[in-house]
Amino acid sequence: MTQTNPTKPVVTITYCTGCNWLLRAGWMAQELLQTFSTNLGGVTLIPGEMGGVYEVTVDGTLIWERKRDGGFPEAKELKARLRDHIDPTRDLGHIDKHSDGA
């Protein structure tokens, strides 16, 4: 059995089972793993109780909460928050580029 690397950050996504948000949580986990790959110790999905819970934490620090932050995160926003938490100097490529309207 493979164990997570304790020196690398672990992301946890807690989602409401009553709201059927498993696919959303799974998709976001895939997005984070694709972008941060071996820089993460893992992404864990936790089925939550009813009540509309959708929370993303990194090593216990809340970086997104659906009710607090006004809905679900765009992948771009969540990746930026994760990067800011684990490696603020990391360049996320096109995610960091801002359109000048041209």
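Modeller: What follows starts with the chain as a whole, turns to the helix pair, and then visits the residues around it. The model is a predicted one.

The chain has 102 residues, and 37% of them count as buried. Its secondary structure comes to three helices and four strands. Read from the N terminus, the order of the elements is β-α-β-β-β-α-α. Among contacts between residues at least 6 apart in sequence, 63% join residues at least 24 apart.

Now the helix pair. In general, two packed helices are described by the angle between their axes and the distance between the axes. Here the two are helix H1, residues 22–36, and helix H3, residues 75–86. Their axes come within 10 Å and cross at roughly 50°. The crossing in which H1 passes H3 is right-handed.

Which residues make the contact? From H1 they are Trp27, Met28, Glu31, Leu32, Thr35 and Phe36. From H3 they are Ala75, Leu78, Lys79, Leu82, Arg83 and Ile86. Sorted by class, the contact of H1 with H3 has eight nonpolar residues, one polar residue and three charged residues.

Thr35 deserves a separate word. Thr35 lies in helix H1, and Lys79 is one of its partners in H3. Along the chain, Thr35 and Lys79 are 44 residues apart, yet their C-alpha atoms are separated by 7.9 Å. Leaving aside residues up to four places away in sequence, Thr35 touches Lys79, Arg90 and Leu92.

Asp84 is found in helix H3. With a relative accessible area of 45%, Asp84 is partly exposed, because that value lies between the limits of 20% for buried and 50% for exposed. Asp84 and Ile63 are 21 residues apart in sequence, and from C-alpha to C-alpha they are 9.8 Å apart in space.

Asn20 sits in the loop between strand E1 (10–16) and H1. Its relative accessible area is 65%, so Asn20 is exposed. Most residues other than glycine have a negative phi. Asn20 has a positive one, near 60°.

Asp59 also has a positive phi, near 50°, in a residue other than glycine. Asp59 is found in the loop between strand E3 (54–58) and strand E4 (61–65). At a relative accessible area of 52%, Asp59 is exposed.

That leaves the cysteines. How many disulfides does the structure hold? The number is zero. The sulfur of Cys16 has its closest cysteine sulfur in Cys19, 3.1 Å away, which is too far for a bond because a disulfide needs the two sulfur atoms within 2.5 Å. Cys19 is accordingly in no disulfide.

To return to the part you asked about: H1 and H3 cross at roughly 50° with their axes within 10 Å, in a right-handed crossing.

Definitions and conventions:
Residues are numbered from 1 along each chain as its sequence is written. This is a predicted model: local features need pLDDT of at least 70, side-chain atom pairs count only at pLDDT 80 or more; totals for chains, interfaces and linings use all residues. Side-chain values use heavy atoms; hydrogens and water are left out. Axes are lines fitted to C-alpha atoms, for helices over the stretch in contact, and angles run from 0 to 180 degrees between N-to-C directions. A crossing is left-handed if the near helix is turned anticlockwise from the far one by less than a right angle, and right-handed if clockwise. Contact means heavy atoms within 4.5 Å. Ala, Val, Leu, Ile, Met, Phe, Trp, Tyr, Cys and Pro count as nonpolar, Asp, Glu, Lys and Arg as charged, and the others, Gly among them, as polar. Buried means under 20% relative accessible area, exposed over 50%, partly exposed in between (1.4 Å probe, protein chains only).
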